[in-house]
Amino acid sequence: MQATLESLCLALDELRQRIAPERPTFHAFEYRGRRILYDLYSGSLLQPSPAAFELLRGFEHAELTELLADRLTRDFGGVTLESVLAEVTMLADLGLFVLERLETPEERDDSIRRHIELPTRSGQVLVQTSCNLKCTYCYEVAAKFHDTGKSMSLDAGLQSLELLFQRLGKRKHLDITFFGGEPLLNFALVRQLVARAYVRAEELGKTVGFRMTTNGTLLDDEKIAFLVEHRFAVMVSIDGPPEFADRQRIDHAGRGTTAKAVANARRLIAAQRAAGMREAMIRATLTQQNPSREAVAGYFAENDFQRTMIGSSDGRAHEKRWTDFGGSETASANADVERALDQYLESRRDDTVRPPLGFDFSAGLKRVRDGLASGLQVRRTPMCGTGRNTTAVTEHGDLYPCHRYAGEESYRIGTLSTGIDRERLGRYFAEIFDGYDRHCSACWARAICGGQCPWYLSRPDGHVGTPDDASCDEIRRGTERLLWLAAIEAESTSTPAGERSAPPAHGDSKP
Ligand code: SF4
Ligand code: SF4
């Protein structure tokens with residue numbers, strides 16, 4: 001007997017309750033003409049029939065049942081509602097559309113306690129608060145951090161080392177990043193601390209490695225030789241061609257600094273290559289004054305920089321500045337990504353086509369595949385390790401969860417003399433966890449995104465707020481693009497995009 005529309009609507013409602021509860025378990029989207037069903041829990045990427053896709057999209061966008069039933073029967077000639085219901089029910093029976101459980105308040109408190117106790121494997125020592133440059137988009141300039149002090153003393157530096165070794169717990173290796181301001185303004189202290197770090201590491205049975213983030217303008221032969229000798233992993237900030245970069249990377253007199261930084265970076269890289277070392281990472285920041293990724297990538301290629309990273313100045317969720325990327329830059333950046341994706345696909349098919357400069361689709365693909373393979377877990381521990389795998393120490397001896405918070409009183413988590421303030425660190429983690437539960441737990445991209453940079457979300461009052469829609473929309477758009485890429489690449493290699501051995505246990509959390 002033919003089911004009535006009323007009974008079919010009831011069946012639709014039941015199915016909706018089963019597979020589309022209060023938080024998303026799947027995302028149905030269309031990209032470059034392909035309809036994709038992404039199941040969060042299993043990490044599967046499927047291509048349902050067009051009618052089943054419409055049904056799922058209707059569920060996802062909370063379309064009214066009667067309207068949805070009407071549209072499905074009208075727009076998909078020859079397809080019955082019963083067959084669409086059967087297709088989606090079969091997927092649910094196969095184990096799709098599972099909703100992960102969030103932690104109970106007791107589990108959350110427990111998780112915070114565990115996070116406070118976790119050993120730290122790296123530290124950032126801000127040996128110099130001030131900087132010889134005054135970049136227009138710099139968050140430290142905006143926060144007036146550069147005006148608050150000068151060089152870290154030897155005593156504070158030595159105490160920083162002790163604290164970082166102590167925070168290492170049973171871990172074997174400590175990574176120390178020298179940061180600023182501009183750390184090379186206090187090169188004498190860097191030398192002393194490196195020498196001391198070796199001694200302490202040996203006494204404690206540990207190993208130690210060094211990193212530095214610099215603007216490159218103060219590098220000279222002596223400093224380059226030192227960085228190479230001690231195998232520093234160096235990041236040099238260079239924003240691309242001088243005609244754009246010199247608008248923003250300026251000294252205190254407003255003069256451009258790119259030529260000098262580039263010449264020095266080339267000497268550093270030559271020395272690193274000669275020593276058989278991994279060469280410095282060159283990092284650019286796109287802003288309203290320097291918006292073209294393609295121009296930056298081309299300039300890096302001309303200078304034979306092999307390891308590069310191009311990011312954008314995004315301000316903070318609650319506070320945007322005139323240099324930050326806005327709507328029009330984002331739209332044109334998206335058009336650039338689409339063109340680059342075409343070129344990337346072409347380069348995969350044809351060896352004579354070069355992969356696009358400045359767009360690392362392989363790295364994005366890996367991140368998405370990892371997310372698919374681990375499926376949906378309670379994933380609210382920030383991937384970057386803020387407050388957990390890192391501790392930043394300022395020239396004044398104040399401690400912060402990471403270098404970006406330096407000088408923000410609401411995020412100070414202790415001092416060198418009093419050590420880590422467990423209560424403050426616990427409050428910081430509670431803010432991050434609660435923010436995730438409030439906002440990200442209801443987002444379809446949560447299994448892959450995992451939440452944004454906590455600093456970006458942090459407000460001056462110590463409250464880690466919710467992300468702004470524009471930045472999340474950007475993340476979701478990029479995630480759809482990469483899911484699509486994962487789906488078509490899996491198809492061409494016949495490897496299931498989200499293959500994994502067993503689904504994660506409910507409530508699994510990442511330490
Ligand atoms: S896109 Fe935004 S809401 Fe979604 S998981 Fe990422 S940060 Fe959270
Ligand atoms: S909180 Fe943000 S700025 Fe700090 S380490 Fe994490 S990602 Fe980086």
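Two helices, α16 (446-449) and α18 (469-493), each supply at least two residues of the shell around ligand 1; helices here are DSSP runs (H or I, at least four residues) numbered from the N terminus. The model is predicted: local features need pLDDT of at least 70, side-chain atom pairs count only at pLDDT 80 or more, and totals for chains, interfaces and linings use all residues. Residues are numbered from 1 along each chain as its sequence is written, with chains lettered from A and ligands numbered from 1 in the order in which they are written.

**Exercise 1.** Determine which helix gives the most to the shell around ligand 1, and classify the shell.

*Solution.* A residue is near a molecule if its C-beta atom, placed from the backbone, lies within 6 Å of it. The residues around ligand 1 include His-439, Cys-440, Cys-443, Cys-449 and Cys-472. Helix α18 gives the most, with 3 residues. By class, the shell has 7 nonpolar, 3 polar and 2 charged residues. Ala, Val, Leu, Ile, Met, Phe, Trp, Tyr, Cys and Pro count as nonpolar, Asp, Glu, Lys and Arg as charged, and the others, Gly among them, as polar.

**Exercise 2.** List the residues around ligand 2 and classify them.

*Solution.* They are Pro-382, Cys-384, Thr-386, Cys-402, Arg-404, Cys-453, Pro-454 and Trp-455. This shell divides into 6 nonpolar, 1 polar and 1 charged.

**Exercise 3.** Describe how α1 is oriented relative to α3.

*Solution.* The axes (lines fitted to C-alpha atoms over the stretch in contact, with angles from 0 to 180 degrees between N-to-C directions) of α1 (residues 5-19) and α3 (residues 65-75) come within 10 Å and cross at roughly 115 degrees. Therefore α1 is roughly perpendicular to α3, a term covering 65 to 115 degrees.

Definitions and conventions:
Parallel < 35°, antiparallel > 145°, perpendicular 65-115°, else oblique.
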